[in-house]
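Please read the following alongside the sequence and the model.

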Amino acid sequence: MTQDRAKQNLWLHFTRMSSYARGEVPVIVRGSGPYVFDQNGKRYLDGLSGLFVSQIGHGRREVAEAGARQGSELAYFPLWSYAHPRAVELAQRLADLAPGDLNQVFFTTSGSEAVESAWKLAKQYFKIIGEPGRYKVISRDIAYHGTSMGALAITGLPAIKEPFEPLTPGGVRVPNTNFYRAPSFVAGDQTAFGRWAADEIERAILREGPASVAAVYLEPVQNSGGCFPPPPGYFQRVREICDRYGVLLVSDEVICAFGRLGHYFGAQRYGYQPDIITFAKGVTSGYAPLGGMLVSDRLMEPFVEGTATFLHGITFAGHPVSCAVALANLDVFEKEDLLGNVRAQEAGFRATLEKLGDLPIVGDVRGDGYFYGIELVKDKATRQTFNDDESERLLRGFLSTALFDAGLICRADDRGDPVIQLSPPLTCGQEHFDEIEQILRSVLTQAWARL
Ligand SMILES: Cc1ncc(COP(=O)(O)O)c(C=O)c1O
């Protein structure tokens, strides 16, 4: 019944609907800890936290109940001209957790809206302070920053942009920090590579004209392409460059915040100070939708006097139920020391995944915290990747289904070179890492045999 209705009425996101013409639509009906269960009762290890969301794991009654209580007390009121207690409490709590002077919280309902809100803020801020020419935004190749029209202009994935052209003007691309595929003149030297990649941002600013550039958007660890951590010194250099040209540094932490890297914010792990942090996903662990941006006091300053108003708002942003849920989610982080768990166990996670390096198809294992990408290659020695046809057969024709059938939810992705992405709940430990490794080993071995 559910199957038929799903096929008739439900349009899945970023999904080839034709692929379910013959097969079943997977229907996930409940979750418990790091596991979810489908309609047939089969159990899966949620190695992706849904979609980089479920930091505290599934089935937490106290978090769900916090939402229900709030719904009975005050289900909805807007943040347009009014405040409500949970938004105030959450804003204060986030400001306390955030680095430096990021004390102003502007809520949204999603990551795309957070990314887009930060761009709108940057544009209006520069107009108010007398630098009206600044509207461009620099971001990195293959980086994903969301799908709404503004966010899409910042996203660096040509294939998902092309159908929607012309896009919002102003998106400029620079190289990412994929060290495995570093240009030969900096290959093998992380520091030189990081310096080069950061300096490419300066070159882009100069090429575009510094007076036209508003912001640089970077994830602490770039997700799309398969987890590119920053090389040593990269963010420090980027910060210097942004300061030199008066450009805002936006740390897009929609994935990396809330413990994914063992800190509340990725910027804290890598020791840099952004002007804006965008967040979503893990702030509620998915028990209700919420996003937002944390903004430095300095950027708010022109908006606190006279008639100045940030001309932007979203009906459901900072929804009371979502804010109550976020507060309860952060309580779980504290009670269970989830950041401590990630920091204590991340070396074990890395070591377990690195065992897969003995497979001929595994080219690179990279990431930090509980956030890893495994790059698949055709030839390990030369790092040769798969052509489009092989990639299609490997990822869509085999791996995605085989991993799911084997009981592991992760992501086989070819938005850059083919990778498998992992981002388990922060409650996971060695037994879950072993389970992930064993399933991957078995499925990747079969994949190699089929090539
Ligand atoms: C870094 C980053 N920014 C923005 C977004 C967009 O978030 P949302 O899907 O909530 O709009 C995502 C989503 O995965 C993301 O990873």
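The model is predicted. Begin at the end of helix H9, where the next residue, Gly-246, has a positive phi, near 65°. H9 itself covers residues 234-245, 12 residues in total. From its first C-alpha to its last it reaches 17 Å, close to the 16 Å expected at 1.5 Å a residue. Its buried residues are Tyr-234, Phe-235, Arg-237, Val-238, Arg-239, Ile-241, Cys-242 and Tyr-245. An α-helix has 3.6 residues a turn, so residues three or four places apart point the same way.

Turn next to the ligand. Around it are Ser-110, Gly-111, Ser-112, Val-115, Tyr-144, His-145, Gly-146, Glu-219, Asp-252, Val-254, Ile-255 and Lys-281. By class, this shell has four nonpolar, five polar and three charged residues. Asp-252 places a polar side-chain atom 2.7 Å from a nitrogen atom of the ligand. Gly-111 takes part through its backbone, with an N or O atom 2.8 Å from a ligand oxygen. Lys-281 has a polar side-chain atom 3.0 Å from an oxygen atom of the ligand. The ligand taken alone exposes 390 Å², and the protein buries 84% of that.

Which helix gives the largest share of the shell around the ligand? It is H5 (residues 111-128), with three residues. H5 has 18 residues and reaches 26 Å from its first C-alpha to its last, close to the 26 Å expected at 1.5 Å a residue. Ser-110 caps the N-terminal end of H5, with a side-chain oxygen 3.2 Å from the backbone nitrogen of Glu-113. Ser-110 is also one of the residues around the ligand. Along H5, the buried residues are Gly-111, Ser-112, Ala-114, Val-115, Ser-117, Ala-118, Trp-119, Leu-121, Ala-122, Gln-124, Tyr-125 and Phe-126. Gly-130, which follows H5, has a positive phi, near 90°.

Some loops have backbone features to check by eye. In the loop between helix H7 (158-161) and strand S6 (171-174) lies Pro-166. Ser-81, in the loop between helix H3 (61-73) and helix H4 (85-97), has a positive phi of about 75° although it is not a glycine. Ser-81 counts as exposed because its relative accessibility is 78%, where the cut-off is over 50%. Asp-337 is not a glycine either, and has a positive phi of about 45°. Its place is the loop between helix H12 (320-335) and helix H13 (338-354). With 47% relative accessibility, Asp-337 counts as partly exposed.

The last stop is Ser-224, in the loop between S7 and H9. Is this serine buried or exposed? Ser-224 is buried, because its relative accessible area is 0%. A polar atom of the Ser-224 side chain lies 3.1 Å from the backbone oxygen of Ile-142. Leaving aside residues up to four places away in sequence, Ser-224 touches Ile-142, Ala-143, Tyr-144, Leu-157, Arg-415 and Gln-421. Tyr-144 leads back to the ligand, as one of the residues that surround it.

Terms used: Residues numbered from 1 in each chain as written. Predicted model: local features only at pLDDT ≥ 70, side-chain atom pairs only at ≥ 80, totals over all residues. Heavy atoms only, no water. Helix = DSSP H or I, 4+ residues; strand = E, 2+ residues; numbered from the N terminus. Expected span 1.5 Å × (residues − 1). Buried < 20%, exposed > 50% of the residue type's maximum accessible area, 1.4 Å probe, protein only. Near = heavy atom within 4 Å. Polar contact = N/O pair within 3.5 Å; in protein donor to acceptor, adjacent residues only side chain to side chain. Areas by Shrake-Rupley, 256 points an atom, 1.4 Å probe, with all protein chains shown as cover. Nonpolar A, V, L, I, M, F, W, Y, C, P; charged D, E, K, R; others polar. Contact = heavy atoms within 4.5 Å.
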